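Take a walk through this model, from its overall make-up to single side chains. Keep the sequence and the structure side by side.

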Amino acid sequence: MPLAKKKAAKKKVAKKKVAKKKTSAKKKVSKKKTVVKSASVENMISSALDNLADALSHGTSAADLRASATKKLHTMSSRLRKRKAALMKLKKTTAAKLKASPTAELRKLMRDIEKDINSVTRDLTKTLNE
């Protein structure tokens, strides 16, 4: 008896699968494809071209802004490097003078030069990190 029940259950499952296939086939046939009108396609293309033109103008303005900022940073860093080189040269000559004849004026000048070098170095690192 249990074998007969299993066969009957398999037949019911097979019938349900066939019924599902028939209904899904009917649904596929009943769907219609929508036809796109040429006016709507033209409208979509024109709006896409407008968006592309806007993106291009924003991109070029951003590139110009970036280029000007880069140029400013380059001039600032070159100016600071030249100033640091001049201060280092001045420090070297002052150190030689200080070694030859140590005076209070030369020691004060040396401290001022070192402060200037430190501030220029700090500004230079800020400029290079931007």
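**From surface to core**

The protein chain exposes about 11800 Å², and carbon and sulfur atoms supply 62% of that area. Accessible areas here come from the Shrake-Rupley method with a 1.4 Å probe, and for residues only the protein chains shown count as cover. This is a predicted model, in which local features need pLDDT of at least 70, side-chain atom pairs count only at pLDDT 80 or more, and totals for chains, interfaces and linings use all residues. Residues are numbered from 1 along each chain as its sequence is written, and side-chain values use heavy atoms, with hydrogens and water left out.

Start with the fold. The protein chain has 3 helices and 0 strands. Its pattern along the sequence is α-α-α. Helices (H or I, at least four residues) and strands (E, at least two) are DSSP runs, numbered from the N terminus. Of the 130 residues in the protein chain, 8% are buried. Buried means under 20% relative accessible area, exposed means over 50%, and partly exposed lies in between (1.4 Å probe, protein chains only). Now take contacts, meaning heavy atoms within 4.5 Å. Among those between residues at least 6 apart in sequence, 65% join residues at least 24 apart.

Next, the interior. In soluble globular proteins, nonpolar side chains tend to be buried together. Which residues form the largest nonpolar core here? It has 6 residues: Leu80, Leu87, Ile113, Ile117, Val120 and Leu124. Helix 2 and helix 3 (104–129) each supply at least two residues of this core. Helix 3 gives the largest share, 4 residues. A nonpolar core is a set of buried Ala, Val, Leu, Ile, Met, Phe, Trp, Tyr and Cys residues joined through side-chain atoms within 4.5 Å. Look at Val120. Leaving aside residues up to four places away in sequence, Val120 touches Leu80, Arg83, Lys84 and Leu87.

Move to Thr94, in helix 2. Why does Thr94 count as buried? Its relative accessible area is 2%. The Thr94 side chain reaches the backbone oxygen of Leu90 at 2.7 Å. This is a polar contact: a pair of N or O atoms within 3.5 Å, where within protein one must be able to donate a hydrogen and the other to accept it, and residues adjacent in sequence count only if both atoms are side-chain atoms. Thr94 also touches Leu106, Leu109, Met110 and Ile113, not counting residues up to four places away in sequence.

Another threonine, Thr103, lies in the loop between helix 2 and helix 3. Thr103 is partly exposed, because its relative accessibility is 34%. A polar atom of the Thr103 side chain lies 3.3 Å from the backbone nitrogen of Leu106.

Charged pairs come next. The whole structure holds 1 salt bridge, defined as a side-chain nitrogen of Lys or Arg within 4 Å of a carboxyl oxygen of Asp or Glu. Asp112 pairs with Lys108, their closest N and O atoms being 3.3 Å apart. The two are 4 residues apart in helix 3, so about one helical turn separates them. Asp112 is partly exposed at 31% relative accessibility, and Lys108 is partly exposed at 47%.

Val41, Ile45, Leu49 and Leu52 make a nonpolar surface patch of about 380 Å². Patches are made of residues with over 30% relative accessible area and no salt bridge; like charges are joined within 9 Å, nonpolar side chains (Val, Leu, Ile, Met, Phe, Trp, Tyr) within 5 Å. Leu49 lies in helix 2 (residues 38–100). Leu49 counts as exposed, because its relative accessibility is 53%.
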